[in-house]
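Here is a set of questions and answers on one protein chain. Look over the sequence and the structure first.

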Amino acid sequence: MIKRYIFEELKDHLGKKEIALITGPRQAGKTTVMFLLKRYLDVKGAKTVFLNLDIEADRYHFVSQEKLLRKIELEIGKGNGYVFIDEIQRKENAGVFLKGIYDMNLPYKFIVSGSGSLELKEKIHESLAGRKRIFELNTISFDEFVDFKTDYKYENNLRQFFNVEQEKMRQFLAEYLNFGGYPRVILEETLAEKKKIIDEIFRSYLEKDISYLLNVDKVDAFSGMAKVLASQVGNLVNYSELAGTLGVSLATIKNYLWYAEKTFVIKLLPPYFRNKRKEIVKSPIVYFSDLGLRNYAAGIFGAATQGPSDGGFLFQNLIFYLLAKKIESSAASLRFWRSKDGAEVDFIINKGQEIIPIEVKYKDLEAPSVEKSMRAFIKKYKPPEAWVINLSLKQDIQIEKTNIRFIPFYEV
């Protein structure tokens with residue numbers, strides 16, 4: 001069993017009245033986490049019921065609010081209890097349906113999950129405003145992966161493990177960059193089986209989330225878009241080029257990108273700018289939510305770090321998610337910077353009045369080295385701090401009045 005950090009957050013939320021809404025990519029482990037939470041409650045002697053809208057017999061109870069409440073009362077009575085509902089996106093108008101039950105002020109705590117879809121991401125969120133807390137469960141993180149691979153021996157001391165066991169750290173990093181974080185992929189031992197699993201995940205996503213949930217007719221075109229984007233990680237999205245390559249309209253491409261982001265497959269990183277005339281502001285940069293899925297779409301699953309540049313882009317993709325996780329509960333936002341004269345900085349943490357430019361280096365730096373683009377950004381914006389995230393170097397230097405921090409990626 002791969003432990004998920006989100007489990008403790010969900011456990012701490014059990015005493016809250018609001019609905020716990022677990023979202024995330026298909027097959028990222030939402031159902032498993034819910035079963036673990038149910039088992040935890042069962043051991044404590046709490047009353048629970050688990051319903052899954054993928055199961056026809058369970059779906060019968062969602063015909064009306066009255067039917068569902070009769071089922072809940074049959075299983076756990078009229079007193080306090082916990083109701084688990086999996087795959088809620090299968091229910092039409094699920095947000096209004098849950099809102100009505102929640103507003104009855106019943107003694108039940110609802111823990112609800114569903115894969116990314118327009119129904120889940122839009123209507124449910126809008127209907128349950130003020131009545132839910134969202135828990136986004138992504139695929140296995142690098143730290144969760146290493147904890148699992150080391151049998152949780154260093155569970156509370158990973159930073160020291162990475163510092164001391166540099167060679168093992170690199171082996172784990174290479175494996176993670178190649179295969180990503182889908183639990184079923186990690187648990188398989190052979191490359192052949194890993195490929196079968198990631199193929200099934202990708203096909204399931206297209207058939208269930210895209211074709212069925214999102215009503216996209218041209219699944220082949222959507223699949224083709226994913227494959228093109230997979231070869232452009234860390235690069236600007238060229239809408240016109242994508243549309244021309246796939247033979248669809250510009251509006252369709254923008255819709256597909258929106259769908260892909262809403263279903264947790266990609267993230268579009270917008271640019272940072274203060275002066276619109278001097279910086280490129282039209283196109284975002286694309287990153288994939290899971291590196292294994294990206295490699296599969298690119299046709300290099302299992303061999304992704306062997307190319308001259310792929311390893312660097314995958315590492316940059318990993319850093320994107322480490323940074324996004326770092327700032328998710330703050331008012332800060334993540335951006336990139338690229339000027340018309342070609343200067344570029346991988347990431348900008350934008351805190352409003354304060355900004356932190358970040359350069360990513362997929363290498364062991366023997367000594368501090370700062371690229372021209374970072375120097376140009378520092379000269380232009382004069383940030384108090386800048387980061388160079390790399391494999392191992394930890395050191396601070398000063399450029400003008402900016403403190404440059406060289407940070408090993410595992411300390412982000």
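The questions below concern a predicted model.

Q: In what order do the strands of the five-stranded open sheet lie?
A: This sheet is open, and its pairing is parallel. Strand 2 and strand 5 (132-136) each have a single partner strand, so one side of each is left without a neighbour in the sheet. The twist averages 15 degrees from one strand to the next. The strand order is 2-3-4-1-5.

Q: Which residue of strand 5 is the bridge partner of L21?
A: Strand 1 (residues 19-24) and strand 5 run parallel. Five bridges join them. The partner of L21 in strand 5 is I134.

Q: Which residue of strand 3 is the bridge partner of F50?
A: Strand 2 pairs with strand 3 (residues 81-86) in the parallel sense. Five bridges make up that pairing. F50 of strand 2 sits on one side together with T48 and N52. Its bridge partner in strand 3 is F84.

Q: How many of the five residues of strand 2 are buried?
A: In a regular strand the side chains alternate between the two faces of the sheet. On one side of strand 2, T48, F50 and N52 are buried; on the other, V49 and L51 are buried. Strand 2 (residues 48-52) is therefore largely enclosed by the rest of the structure. The count of buried residues is five of the five.

Q: How far apart are the end C-alpha atoms of helix 9?
A: Helix 9 covers residues 166-179, which makes 14 residues. At 1.5 Å a residue, the helix should span 20 Å. The model agrees with that expectation: the end C-alpha atoms are separated by 20 Å.

Q: Are helix 7 and helix 9 parallel or oblique to each other?
A: The axes of helix 7 (residues 142-149) and helix 9 come within 11 Å. They cross at roughly 120 degrees. The crossing is right-handed. The two helices are therefore oblique.

Q: Which residues of helix 9 meet helix 7?
A: An α-helix has 3.6 residues a turn, so residues three or four places apart point the same way. Helix 7 brings F142, F145, V146 and K149 to the contact.

Q: Is D151 buried or exposed?
A: D151 lies in the loop between helix 7 and helix 8 (158-164). Its phi is near 55 degrees, a positive value in a residue other than glycine. Its relative accessible area is 67%, and the cut-off for this class is over 50%. D151 is therefore exposed.

Q: What is the strand order of the six-stranded open sheet?
A: Here the pairing is mixed. Strand 8 (333-338) and strand 12 (395-399) stand at the edges, so one side of each has no neighbour in the sheet. The twist averages 25 degrees from one strand to the next. The order is 8-9-10-11-13-12.

Q: Which residue of strand 13 stands opposite W387?
A: Strand 11 (residues 385-390) and strand 13 (residues 402-408) pair in the parallel sense. Their pairing extends over six bridges. Opposite W387 stands R405.

Q: At what angle does helix 17 run to strand 10?
A: Helix 17 (residues 372-381) lies across strand 8, strand 9, strand 10, strand 11, strand 12 and strand 13. Its direction makes an angle with strand 10 of about 175 degrees.

Q: Is K382 buried or exposed?
A: K382 is in the loop between helix 17 and strand 11. It has a positive phi of about 50 degrees, although it is not a glycine. Its relative accessibility is 58%, so K382 counts as exposed.

Q: Is L391 buried or exposed?
A: L391 is found in the loop between strand 11 and strand 12. Beyond its neighbours within four places in sequence, L391 contacts residues including M169, L173, F315 and Y410. Its relative accessibility is 8%, so L391 counts as buried.

Methods
Residues are numbered from 1 along each chain as its sequence is written. This is a predicted model: local features need pLDDT of at least 70, side-chain atom pairs count only at pLDDT 80 or more; totals for chains, interfaces and linings use all residues. Side-chain values use heavy atoms; hydrogens and water are left out. Helices (H or I, at least four residues) and strands (E, at least two) are DSSP runs, numbered from the N terminus. The expected span of a helix is 1.5 Å times one less than its number of residues. Two strands pair if DSSP finds at least two bridges between them. Axes are lines fitted to C-alpha atoms, for helices over the stretch in contact, and angles run from 0 to 180 degrees between N-to-C directions. Contact means heavy atoms within 4.5 Å. Angles under 35 degrees count as roughly parallel, over 145 as roughly antiparallel, 65 to 115 as roughly perpendicular and the rest as oblique. A crossing is left-handed if the near helix is turned anticlockwise from the far one by less than a right angle, and right-handed if clockwise. Buried means under 20% relative accessible area, exposed over 50%, partly exposed in between (1.4 Å probe, protein chains only).
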